[in-house]
Amino acid sequence: MLISGFNNIFVLLSLAMLVFAVVALIFAATARKDAYPAADKKTKSFWVIILGVVVAVDFFLSSVLFLQIAGLVATIVFMVDVRPALRQVSGGGGRRSGGSSSDGPYGPYNGGR
C-alpha cells in the first residue's frame, strides 16, 4: 500500500518534469535566433539540443532519477535565467497593459514637472 503510494507520486513527478521540459523546449525553439547572443547567452542550437535531450531522457529513461534531476536543473536554468533575458532583448518583458514608451517603473515620466 505504502509502496504503491510512492510509485504514484514518482510517476506524477516524472510527468510534471516531462511537461516542464517540453514547455521549456517550445520556448527555446520559438525564440529568435539572434536574441540569444544579444542576451549574452549560449546559442539557440545549444539550448534546443540540451532541452531536447532532457525531454528524451524524461520520456524514455524515467527510471534513472539522476539523469532526470540533471535535466530538471538544466530546465530550471533555462526558465529562470535564459528565458527572461530573451524576453528582455526581444521586447516581450514589458507591461501588457499598453503603457507609454516614457513610462518608468513607478509610472509615467513627466519631465520633472
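## A residue on the surface patch

Val77 is partly exposed, because its relative accessibility is 35%. The label covers values between two limits: buried means under 20% relative accessible area, and exposed means over 50%, with a 1.4 Å probe and protein chains only. Val77 sits in helix α4. Helices here are DSSP runs of H or I with at least four residues, numbered from the N terminus.

This is a predicted model, in which local features need pLDDT of at least 70, side-chain atom pairs count only at pLDDT 80 or more, and totals for chains, interfaces and linings use all residues. Residues are numbered from 1 along each chain as its sequence is written, and side-chain values use heavy atoms, with hydrogens and water left out.

## The nonpolar patch

Which residues form the nonpolar patch on the surface? They are Phe10, Val11, Leu65, Ile69, Val73 and Val77, and together they have about 490 Å² of accessible area. Two elements give two or more residues each: α1 (2-30) and α4 (65-90). Helix α4 gives the most, with 4 residues.

A patch takes residues with over 30% relative accessible area and no salt bridge; nonpolar side chains (Val, Leu, Ile, Met, Phe, Trp, Tyr) are joined within 5 Å, and like charges within 9 Å. The areas come from the Shrake-Rupley method with a 1.4 Å probe, and for residues only the protein chains shown count as cover.

## Helix α4

Helix α4 has 26 residues. From its first C-alpha to its last it reaches 35 Å, close to the 38 Å expected at 1.5 Å a residue. That expected span is 1.5 Å times one less than the number of residues. Helix α4 bends by about 35 degrees at Phe78. The bend is the angle between two axes, one fitted to the seven residues ending there and one to the seven starting there. Just after α4, Gly91 takes a positive phi of about 85 degrees.

Which residues of α4 are buried? They are Gln68, Gly71, Ala74, Thr75, Phe78, Met79, Val82, Ala85 and Leu86.

Leu86 lies in helix α4. It is buried, because its relative accessible area is 5%. Leu86 touches Ala31, Ala35, Tyr36, Ala39 and Phe78, leaving aside residues up to four places away in sequence. Contact means heavy atoms within 4.5 Å. Leu86 and Asp34 are 52 residues apart along the chain, and their C-alpha atoms are separated by 9.6 Å.

Ser14 belongs to helix α1. Ser14 counts as buried, because its relative accessibility is 9%. Leaving aside residues up to four places away in sequence, Ser14 touches Ser62 and Gln68.

## Salt bridges

Side chains of opposite charge can pair when their charged atoms come close. A salt bridge is a side-chain nitrogen of Lys or Arg within 4 Å of a carboxyl oxygen of Asp or Glu. How many salt bridges does this rule give? The count is 2.

Arg32 forms a salt bridge with Asp34, and the closest N and O atoms are 3.0 Å apart. Arg32 is partly exposed, because its relative accessible area is 43%. Asp34 is partly exposed, at 47%.

Asp81 forms a salt bridge with Lys41, with the closest N and O atoms 3.2 Å apart. This pair links distant parts of the chain, 40 residues apart. Asp81 is in helix α4, while Lys41 is in the loop between α2 (35-38) and α3 (44-60). Asp81 is partly exposed at 36% relative accessibility, and Lys41 is partly exposed at 25%.
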